[in-house]
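User: I'm new to this one. Can you walk me through it, starting with the inside?
Analyst: Here it is.

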Amino acid sequence: MAAHRKLRQRSLSGNTARTAVTIALAGAATATAFDGTSNAEPQLTPTQVKAKVDKLYQEAEVATDKYDGAKEKADAAEKQLNTLRDEAARKTEKLNSARDALGYVAAAQYRSGGIDPAVQLMLSNDPERYLDGAEFADRVGHRQTAAVELVRQQLREIEQLRGAAHIELTSLKSRQAELKKQKSTINGKLDQARHLLSRLTPQQQAQVTAPTPANRASRSSTTARGALAAPGSSSAAADAPNSRAAAAVSYAYQKLGSPYVWGATGPHAFDCSGLVQAAYNSAGVSLPRTTYSQINAGQRVSRSELRPGDLVFFYSGISHVGIYVGDGQMIHAPNPTAPVRLAPIDEMPFAGATRVV
């Protein structure tokens with residue numbers, strides 16, 4: 001029995017054991033291979049990639065709008081904080097001057113305050129002059145009391161300013177955190193889109209990002225960029241409801257071919273709401289920074305009432321905007337794969353329109 005057990009131990013430590021290890025390793029490798037296959041990204045058609053990329057860009061634009069809104073509020077908070085700090089510094093300077101003046105009065109009182117006024121009257125060589133001086137001192141006392149109250153008031157005002165500045169600083173930090181969050185979201189969406197496009201051949205990528213006929217026309221017109229007589233600009237401006245809208249349309253035509261950069265407001269790169277803001281700013285009209293604010297910056301108009309210069313908005317969340325230029329066309333900043341260009345307003349889900357008045 002002992003010999004039998006010994007024989008089995010030798011067989012396990014010999015060729016059989018090595019064979020078992022080899023089989024186990026092979027099995028693990030096979031399992032890993034199968035596991036890798038199961039986790040491999042499915043091969044998407046160019047059409048499927050385009051749909052996913054378009055969705056990612058639209059989601060990135062939503063995040064861009066939130067970023068723009070947070071930046072606008074952060075800039076306002078920083079400006080208000082600096083104003084409060086400047087005002088607090090000015091009041092502190094005045095306070096220090098008032099304190100110095102009180103210090104001089106206190107020192108003078110200390111030097112003469114040890115003698116009783118009746119004794120001073122008796123010792124005075126000129127009682128009448130002393131009484132006049134006493135009356136003056138009384139008036140000085142009233143002024144001193146007022147000066148003390150002024151110092152107290154200035155202290156209260158400075159404390160209020162410091163409290164307001166603390167609130168603005170807290171708001172600024174919150175906005176900066178929101179900026180960081182939205183920037184991370186935007187970069188993540190854009191990275192995903194780039195990754196999807198990188199899996200296509202150059203020919204397939206060209207298919208996915210190919211412009212429509214209207215967009216091809218807009219690209220060819222970029223050679224005339226910078227001239228007011230860009231194709232279609234004159235007639236569109238002439239049909240605009242007012243001079244401000246006409247100027248905005250002319251500006252938009254001049255910017256055809258400019259690159260899309262999220263968060264940019266020109267003059268050489270834009271995101272969608274940045275282009276609209278810059279166009280109307282060139283016409284002397286100040287518009288909000290975000291699409292969801294811009295839609296409320298004028299008079300709502302129906303699709304059938306559209307005229308050049310009207311702002312056209314897309315998607316249920318009002319996350320994209322363009323400038324209508326007539327004939328069912330708009331000029332907009334689409335996404336990182338395309339420059340500022342002409343496009344039909346039918347290429348995205350229409351959400352509404354506003355006329356800037």
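User: How many cavities of 30 Å³ or more does a search of the whole structure find?
Analyst: One. A cavity here is a set of points on a 1 Å grid over the protein atoms alone where a 1.4 Å probe fits but cannot get out. This is a predicted model, in which local features need pLDDT of at least 70, side-chain atom pairs count only at pLDDT 80 or more, and totals for chains, interfaces and linings use all residues. Residues are numbered from 1 along each chain as its sequence is written, and side-chain values use heavy atoms, with hydrogens and water left out.

User: How much space lies in the largest cavity?
Analyst: About 50 Å³. The volume is the space filled by probe spheres set on the points, with grid points joined across faces, edges and corners.

User: Which residues line the largest cavity?
Analyst: Among them are Tyr57, Glu61, Ile186, Trp262 and Asn335; a lining residue has an atom within 4 Å of a point. The lining divides into eight nonpolar, two polar and one charged. Ala, Val, Leu, Ile, Met, Phe, Trp, Tyr, Cys and Pro count as nonpolar, Asp, Glu, Lys and Arg as charged, and the others, Gly among them, as polar.

User: And which helix gives the most to that lining?
Analyst: H3, with four residues. Helices (H or I, at least four residues) and strands (E, at least two) are DSSP runs, numbered from the N terminus.

User: Switching to the largest nonpolar core, which residues touch the most other members?
Analyst: Tyr253, Tyr280, Leu311 and Ile331, out of 59 residues. H3 gives the most to this core, with 13 residues. A nonpolar core is a set of buried Ala, Val, Leu, Ile, Met, Phe, Trp, Tyr and Cys residues joined through side-chain atoms within 4.5 Å.

User: What is Ile331 in contact with, leaving aside its neighbours within four places in sequence?
Analyst: The list includes Tyr253, Leu275, Ile323 and Val340. Contact means heavy atoms within 4.5 Å.

User: Now the backbone. Where is the cis peptide bond?
Analyst: It joins Gly266 and Pro267, with omega about 5°. Pro267 sits in the loop between H9 and H10.

User: What about phi of Tyr315?
Analyst: It is near 75°, a positive value in a residue other than glycine.

Terms used: On a 1 Å grid over the protein atoms alone, a cavity is a set of points where a 1.4 Å probe fits but cannot get out, and a pocket is an open set with protein on both sides within 12 Å along at least five of seven lines; lining residues have an atom within 4 Å of a point. Buried means under 20% relative accessible area, exposed over 50%, partly exposed in between (1.4 Å probe, protein chains only).
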